[in-house]
Amino acid sequence: MSTPLQLDPDRLLPADPQTRSIARALYESVAQLPIISPHGHVAPSLLMDDEPFSDPAELFITHDHYVTRLLHSAGVDLGALGVGRSAPVDPRHAWRILAENWHLLAGTASGYWLTHELATLFDIRDEPSAETADASYDAIATRLADPAYRPRALFDRFGIEVLATTDDPMDDLSVHAALAADPTFSGRVLPTFRPDAYLDPTAADFRARIARLTEANGTAPDDFAGYLSALEARRAHFVAHGAVSADHGVREPYTVDLSDDEASALYRRAVAGDLDAAGAREFAGNMLLRMAGMSARDGLVMTIHPGVYRNHSSATFDRFGPDTGHDIPITTTYTGNLRPLLERHGLEPGLHLVLFAVDETVYSREVAPLAGFYSSVFIGAPWWFLDAPDAVVRFRSAVTETAGFYRGSGFIDDTRAFLSIPARHDMARRLDSAFLARLVREGRVSPAAAERIVTDLVDALPRKVFKL
């Protein structure tokens with residue numbers, strides 16, 4: 001016998017009836033507001049090409065490392081799911097694997113989002129299981145053939161007002177330009193400058209990337225001043241194409257203030273290929289500081305997403321490649337690491353610096369106190385391993401008493417899974433409503449203040465922080 005797929009209309013709201021009533025009213029006031037997504041990883045070509053999604057497995061499993069890592073931990077071979085560099089698989093078979101293991105997702109953010117997507121977008125009424133796998137696969141596949149389920153139609157249906165992508169500095173951004181010029185598409189899709197591989201000498205193909213960057217700038221590869229001007233030129237290219245932010249996915253948010261001569265010496269060694277690990281750390285730390293200076297000048301919001309040990313499993317990386325589920329959080333510290341950057345640029349009015357973390361111990365200890373003093377520093381929303389219901393509640397409790405509601409970035413979905421965007425933003429709106437409802441019940445926030453705050457968290461804050 002199949003089990004009904006439950007989507008409680010009051011999900012995530014408080015259990016206490018009176019508090020739930022307050023939370024429900026707050027949530028309903030923001031439930032239909034447009035989605036502002038200032039940080040994510042959806043490819044702009046998805047909207048440019050507007051091709052139908054191929055099949056349910058491609059849509060929900062193959063590229064969603066939240067899902068594939070859980071299945072892998074239970075003994076499922078990633079190759080059977082078509083992950084990364086693996087050979088193509090029968091999508092129906094991959095879907096059956098997910099359906100048979102649906103119970104593994106209970107209580108997880110992935111399970112919550114997938115339930116929301118299946119119920120609201122595809123009218124699936126039964127939980128995925130071995131018995132219902134083929135029926136649900138066919139029901140989803142039938143919908144995907146409908147023009148109403150193409151990316152642009154869904155973009156409009158989801159109410160997305162702004163969607164930011166993540167892009168290599170050398171991208172010509174022609175897809176973004178074409179979208180912006182397309183009279184049949186009214187959405188706002190913004191590129192994001194992601195320079196990590198051009199700032200860290202330990203990054204793969206660093207020297208080749210620098211050669212390409214400086215050649216495009218007409219400067220010598222070993223000329224540090226030319227290297228800096230090349231980065232500034234690419235940033236200007238992004239700004240001209242609508243970018244509002246530069247994102248830095250560093251392993252540690254280490255910064256160091258070096259003179260031009262000191263930095264130049266490290267740079268020449270880096271492009272010559274003879275810079276040791278200590279020197280590479282110093283160079284990358286100095287470049288993170290210099291990126292803040294560039295952001296203060298050109299206005300690109302600087303976001304830092306640190307604290308992840310990338311490609312933890314060498315065997316998995318060798319077989320399937322990056323972004324296949326084996327990136328693991330590590331401890332992050334901001335206060336000491338960022339002090340050189342903040343000493344140099346922290347009081348500059350042009351800088352907006354948004355600090356994210358997957359080490360939740362850093363929220364109350366460091367991020368909230370920093371944002372509670374520096375007007376340039378904002379608290380990034382719970383990200384990646386922490387973008388889950390209980391973690392979001394812990395986040396609100398950790399930062400609000402120190403920094404209040406108005407030093408945050410607003411929610412970000414940080415996803416490649418296009419169909420999960422409304423589910424993620426809906427989750428955040430429900431949880432903020434629940435948190436505010438408790439404060440109203442405890443007499444700590446007035447009902448009128450709560451109504452303003454819950455709206456500002458969805459709309460005014462992300463517009464302010466990301467200069468939209």
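Colleague: Which conventions apply before we start reading?

Modeller: This is a predicted model, in which local features need pLDDT of at least 70 and side-chain atom pairs count only at pLDDT 80 or more, while totals for chains, interfaces and linings use all residues. Residues are numbered from 1 along each chain as its sequence is written, and side-chain values use heavy atoms, with hydrogens and water left out.

Colleague: Which residues touch the most other members of the largest nonpolar core?

Modeller: A nonpolar core is a set of buried Ala, Val, Leu, Ile, Met, Phe, Trp, Tyr and Cys residues joined through side-chain atoms within 4.5 Å, where buried means under 20% relative accessible area, exposed over 50% and partly exposed in between, with a 1.4 Å probe and protein chains only. Here the largest core has 62 residues, and Tyr227, Leu231 and Leu353 touch the most other members. Helix H14 (residues 277-298) gives the most to this core, namely nine residues; helices (H or I, at least four residues) and strands (E, at least two) are DSSP runs, numbered from the N terminus.

Colleague: What is Tyr227 in contact with, leaving aside its neighbours within four places in sequence?

Modeller: Contact means heavy atoms within 4.5 Å, and on that basis the partners of Tyr227 include Tyr198, Leu199, Ile210, Tyr267, Phe283 and Met287.

Colleague: In what order do the three strands of the open sheet lie?

Modeller: Two strands pair if DSSP finds at least two bridges between them, and in this sheet the order is E1-E2-E3, with parallel pairing. Strand E1 (35-37) and strand E3 (188-190) are at the edges and have a single partner strand each, so one side of each is left without a neighbour in the sheet. Strand E2 (residues 160-164) pairs with E3 over three bridges in the parallel sense, and Leu163 has Val189 as its bridge partner in E3. Across E1, E2 and E3 lies helix H8 (residues 151-158), which runs at about 120 degrees to E2; axes are lines fitted to C-alpha atoms, for helices over the stretch in contact, and angles run from 0 to 180 degrees between N-to-C directions.

Colleague: Which way do the side chains of strand E5 point?

Modeller: In a regular strand the side chains alternate between the two faces of the sheet. In strand E5 (residues 301-304), Val301 and Thr303 point one way and Met302 and Ile304 the other way, and all are buried. E5 pairs in the parallel sense with strand E4 (residues 245-248) over four bridges, and with strand E8 (residues 353-355) over three bridges.

Colleague: How many aromatic pairs does a search of the whole structure find?

Modeller: A pair of aromatic rings is described by the distance of the centres and the angle of the planes. Rings of Phe, Tyr and Trp (its six-membered ring) pair if their centres lie within 6.5 Å, with planes under 30 degrees apart counted as stacked, over 60 as edge-to-face and the rest as tilted. The search finds 18 pairs. Phe193 and Phe238 form an edge-to-face pair, at 5.2 Å centre to centre and 85 degrees between the planes. Phe193 lies in the loop between E3 and helix H10 (196-199) and Phe238 in helix H12 (residues 224-240), so the pair ties together parts that are 45 residues apart in sequence.
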